[in-house]
Amino acid sequence: MLNKIIITMKKTEKYNLKKMFIITFLTITSLSCGGVDTDNLLPLFPVEEVEEVDNGDLAGSLEVILGDVKQAQILNSLSTTLQIENLLDGFEELGVQGIRITIFPEGENPNEEMFDYLYTRAKAEGFKIMANPALWEGAQRIANKVLHGTIVDPNNQGAAGPSVLGNDQASQIVIDRIKEFANTYEVDWITPFNEDGRPGVGWSINQINEIYSELHNNINGAELIGPCTWGIPAGTLMLEQTDIKQYITAATTHNLGFNHTDWPGFINAAGDLPVWDSEVNNNAAFVDRATRIDAAISAGVNGLVLYDSWRTISLTDGSLKVAGNTLKAKIYK
């Protein structure tokens, strides 16, 4: 069980090396607008000392816990390298093993410099990386090459463009974009969809099968997971009606409808695959229902993506806010 975080440097040594990294990163990015060359950047962080921070055992059947920065990237809320350093310190304190980042439609990343900095520093710090498309109907946005149909607004983030149902060209755009992303950013897990609807609504069964089939073993060593549907019922249908189970290494769904009683059906449909709630938080939306994180842990899921958890960390000093400490108390016994 992955329940420990390895810190490779003392705090003061780590701070000095961070300053070296910032200077080197800004120099490199000013000279080149190409992809992220982590081979040249990682040697700035030699292993000086190994210290283990034991947060205790993970709760329930949990094995994988990921933080989340997607909304921060979508809304361009990370504007300085210092904010990113503090954020990574906070994720370390929170006890996550990895971070979820965004796959933007082509040309729609609002801040590639900060995106690259966070990616490279997270990798250097040993965080695993999961990536999937931005917002709801995420693959549809990639296919239509749009992020926001309207002005950026966290409460109204725009349309995803015209229907792509049955459109083979749209499928190919998604396949090509995911491959391009994976070849630029070496990550651990990729989901080509994000809240794209049940089979036959956003994408046909044939399109879903084709996208997963074409990406399988073709994304620079990343594992395919999914389907990251909006709710558990749609996720169960995806597992039952498509071929994606033969391509994925973890079955993932959100539970935005608070359909807690549907977890057993999804877990059963996943078979031998690990199961993740891929967008969970601790909001008590209904007085008569458990929070989504409590329900997921009680159901026996193996992984969690802590949705919007960057907001639970102070970007000023890296400390955990009350919400961050509450999450940590739930994921660790």
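Which residues have the most contacts inside the largest nonpolar core? In this predicted model, local features require pLDDT of at least 70 and side-chain atom pairs count only at pLDDT 80 or more, whereas totals for chains, interfaces and linings use all residues. Residues are numbered from 1 along each chain as its sequence is written, and side-chain values use heavy atoms, with hydrogens and water left out.

The largest nonpolar core comprises 79 residues, and those with the most contacts inside it are F91, I101, I190, W203, L304 and L306. A nonpolar core is a set of buried Ala, Val, Leu, Ile, Met, Phe, Trp, Tyr and Cys residues joined through side-chain atoms within 4.5 Å; buried denotes under 20% relative accessible area, exposed over 50% and partly exposed in between (1.4 Å probe, protein chains only). Residues up to four places away in sequence aside, L306 touches I65, L66, G67, D68, L94, V96, V280, I293, L327 and I331, contact being heavy atoms within 4.5 Å. Another core, of nine residues, lies apart from the largest one and includes V64, L66, W189 and W276.

Helices α11 (residues 292-299) and α12 (residues 322-331) pack at about 10°, with axes 11 Å apart. Axes are lines fitted to C-alpha atoms over the stretch in contact, and angles run from 0 to 180 degrees between N-to-C directions; helices are DSSP runs (H or I, at least four residues), numbered from the N terminus. The two helices are therefore roughly parallel, a term for angles under 35 degrees. I293, D294 and I297 of α11 meet L327, K330 and I331 of α12.

Notes:
Parallel < 35°, antiparallel > 145°, perpendicular 65-115°, else oblique.
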